[in-house]
Amino acid sequence: EKLQYRQRVAPELFYGVYEADSLIGFVVATAADGETLVQESMSHHVHGGSSVCIHSVVVAASHRRRGIALAMLRAYVDAIAADRHRCGLAHRILLASKANLL
């Protein structure tokens, strides 16, 4: 349900990686105002917010440990920086993570 909400309200902040016709990884984010992640940042999207808040970086189990997540994050940052029309107000990208997943 949260993933569907984020895709519906912030499609410009979704990034997927495909192999042939199969989705093998994705990055999901919303925008928020402020310089830090707070609980509200995780559940609401502020169109034109000053921060892009990455909620999920997911790679299919069969494709893990190959550097795909890092490559996706690098490409995601480049795409956000280049998309001045839809993401031009973002000044920073914040990443939420659970310690055991780092």
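Trainee: In which loop is the place of arginine 65?
Mentor: Keep in mind that this is a predicted model, in which local features need pLDDT of at least 70, side-chain atom pairs count only at pLDDT 80 or more, and totals for chains, interfaces and linings use all residues. Residues are numbered from 1 along each chain as its sequence is written, and side-chain values use heavy atoms, with hydrogens and water left out. Helices (H or I, at least four residues) and strands (E, at least two) are DSSP runs, numbered from the N terminus. In these terms, arginine 65 belongs to the loop between S3 and H3.

Trainee: Does arginine 65 count as buried or exposed?
Mentor: A residue is called buried under 20% relative accessible area, exposed over 50%, and partly exposed in between, using a 1.4 Å probe and protein chains only. Arginine 65 has 86% relative accessibility, so it counts as exposed.

Trainee: What is the phi of arginine 65 near?
Mentor: Most residues other than glycine have a negative phi. Arginine 65 is a residue other than glycine, yet its phi is positive, near 70°.

Trainee: Which residue of the hairpin of S1 and S2 takes a positive phi?
Mentor: Strand S1 (residues 15-19) and strand S2 (residues 22-32) run antiparallel and are joined by five bridges, and strands are said to pair if DSSP finds at least two bridges between them. Their hairpin has two residues between the strands.

Trainee: In what order do the strands of the open sheet run?
Mentor: The open sheet has four strands with mixed pairing. Its edge strands, which each pair on one side only, are S1 and strand S4 (92-95), and the twist averages 25° from one strand to the next. Inside the sheet, S2 and S3 run antiparallel, joined by eight bridges. The order is S1-S2-S3-S4.

Trainee: What angle does the direction of H3 make with that of S3?
Mentor: H3 packs on the sheet and touches S1, S2, S3 and S4, where contact means heavy atoms within 4.5 Å. Axes are lines fitted to C-alpha atoms, for helices over the stretch in contact, and angles run from 0 to 180 degrees between N-to-C directions. For H3 and S3, the angle is about 150°.

Trainee: Which residues have the most contacts inside the largest nonpolar core?
Mentor: A nonpolar core is a set of buried Ala, Val, Leu, Ile, Met, Phe, Trp, Tyr and Cys residues joined through side-chain atoms within 4.5 Å. The largest one here has 14 residues, and those with the most contacts inside it are Leu13, Ala29, Val52 and Tyr76.

Trainee: What is the centre-to-centre distance of the aromatic pair of tyrosine 15 and tyrosine 76?
Mentor: Rings of Phe, Tyr and Trp (its six-membered ring) pair if their centres lie within 6.5 Å, and planes under 30 degrees apart count as stacked, over 60 as edge-to-face and the rest as tilted. Tyrosine 15 in strand S1 and tyrosine 76 in helix H3 are 61 residues apart, so that the pair links distant parts of the chain. Tyrosine 15 is partly exposed because its relative accessible area is 24%, whereas tyrosine 76, at 1%, counts as buried. The pair is edge-to-face, with 80° between the planes, and the distance between centres is 6.1 Å.

Trainee: With which side chain does the side chain of serine 51 make a polar contact?
Mentor: A polar contact is a pair of N or O atoms within 3.5 Å; within protein, one must be able to donate a hydrogen and the other to accept it, and residues adjacent in sequence count only if both atoms are side-chain atoms. Serine 51 lies in strand S3 and counts as buried because its relative accessibility is 1%. At 2.8 Å, the partner of serine 51 is arginine 92.

Trainee: How long is the polar contact between the side chains of threonine 30 and histidine 55?
Mentor: Threonine 30 is found in strand S2, and it is buried because its relative accessible area is 1%. The polar contact that joins its side chain to that of histidine 55 has a length of 2.7 Å.
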